[in-house]
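Subject: Handover of a structure model

Dear colleague,

Please find below the structure that I am passing on to you. My findings follow directly after it.

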Amino acid sequence: MLEGQRIRLRAFEAGDLDAEHAFVNDYDTLLDMMGGIPFPSSMGDEQQWISQQTSYTRGEYQFAIEDAEGYLVGRCGVTRLDWKNRVGELAIMIGAPYRGRGYGKEAMALLCDFCFQEMNLHKLKVSVLAFNKAAIRCYEHCGFVREGVLKGEIFRRGAYQDVVLLARLG
């Protein structure tokens with residue numbers, strides 16, 4: 001478990017299912033964080049996803065984000081790893097009722113420290129829809145810099161949207 005001042009990153013537990021299911025079925029969350037079709041997730045899908053997030057997972061390392069009161073507020077993790085080049089791709093999602101409280105910044109800082117200090121990664125990267133200004137600010141606050149823009153990459157909200165690529169070296 002990774003401890004911050006107001007949050008902790010921990011393994012997913014069976015009791016996280018209801019909150020996780022609600023987070024990933026919030027339509028605005030889907031529109032802001034997914035590149036694919038924003039399709040709802042069933043309870044069974046989420047149960048299967050949570051059951052796959054174990055210490056034995058290879059290639060993806062997801063943490064539950066818990067606040068000081070023990071409530072699940074989101075998730076973050078390494079979604080893709082290139083071990084040869086020591087590069088990890090990160091992702092984060094903060095549930096709708098918990099956004100704007102600084103949990104994302106603190107979680108991302110803890111995750112980056114873990115990736116550099118424990119996983120011995122050299123570079124971390126993220127991709128974010130250009131209209132998701134809060135996410136971009138969060139990443140930049142955590143030391144990520146813009147490396148490029150993929151023009152018209154994702155069809156969202158009736159139009160093709162740009163994707164911003166950001167990265168941070170260890």
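The lining of the largest pocket comprises 22 nonpolar, 11 polar and 12 charged residues. Please bear in mind that this is a predicted model. The volume of this pocket comes to about 1,300 Å³. Among the 45 residues that line the pocket, Asp32, Met33, Ile92, Met93 and Tyr139 are the closest to its centre.

As to where the lining comes from, strand β5 (87-94) gives the largest share, with six residues. At least two lining residues each are supplied by several elements, including the helices α2 (27-33), α3, α4 (103-117) and α5 (133-141). The strands β4 (72-82), β6 (123-129) and β7 (145-156) likewise each supply at least two residues of the lining.

Helix α3 also takes part in a helix pair that I examined. The axis of α3 (residues 43-52) and that of α1 (residues 17-24) come within 10 Å, and they cross at roughly 115 degrees. The crossing of these two helices is right-handed. On the α1 side, the contact is made by Leu17, Asp18, Glu20, His21 and Val24. From α3, the residues that make the contact are Met43, Glu46, Gln47, Trp49 and Ile50. By class, the residues of this contact are five nonpolar, two polar and three charged.

Turning to the chain as a whole, its secondary structure amounts to five helices and eight strands. Along the sequence these elements follow the pattern β-β-α-α-α-β-β-β-α-β-α-β-β. The radius of gyration of the chain is 15 Å, close to the 15 Å that the globule rule gives for 170 residues, so the chain is as compact as a globular protein of that length. Along the principal axes, the C-alpha trace spans about 40 × 40 × 30 Å.

With kind regards

How values were computed
Residues are numbered from 1 along each chain as its sequence is written. This is a predicted model: local features need pLDDT of at least 70, side-chain atom pairs count only at pLDDT 80 or more; totals for chains, interfaces and linings use all residues. Side-chain values use heavy atoms; hydrogens and water are left out. Axes are lines fitted to C-alpha atoms, for helices over the stretch in contact, and angles run from 0 to 180 degrees between N-to-C directions. Helices (H or I, at least four residues) and strands (E, at least two) are DSSP runs, numbered from the N terminus. A crossing is left-handed if the near helix is turned anticlockwise from the far one by less than a right angle, and right-handed if clockwise. Contact means heavy atoms within 4.5 Å. Ala, Val, Leu, Ile, Met, Phe, Trp, Tyr, Cys and Pro count as nonpolar, Asp, Glu, Lys and Arg as charged, and the others, Gly among them, as polar. On a 1 Å grid over the protein atoms alone, a cavity is a set of points where a 1.4 Å probe fits but cannot get out, and a pocket is an open set with protein on both sides within 12 Å along at least five of seven lines; lining residues have an atom within 4 Å of a point. Grid points are joined across faces, edges and corners, and a volume is the space filled by probe spheres set on the points. The radius of gyration is taken over C-alpha atoms; the globule rule is 2.2 Å times the number of residues to the power 0.38.
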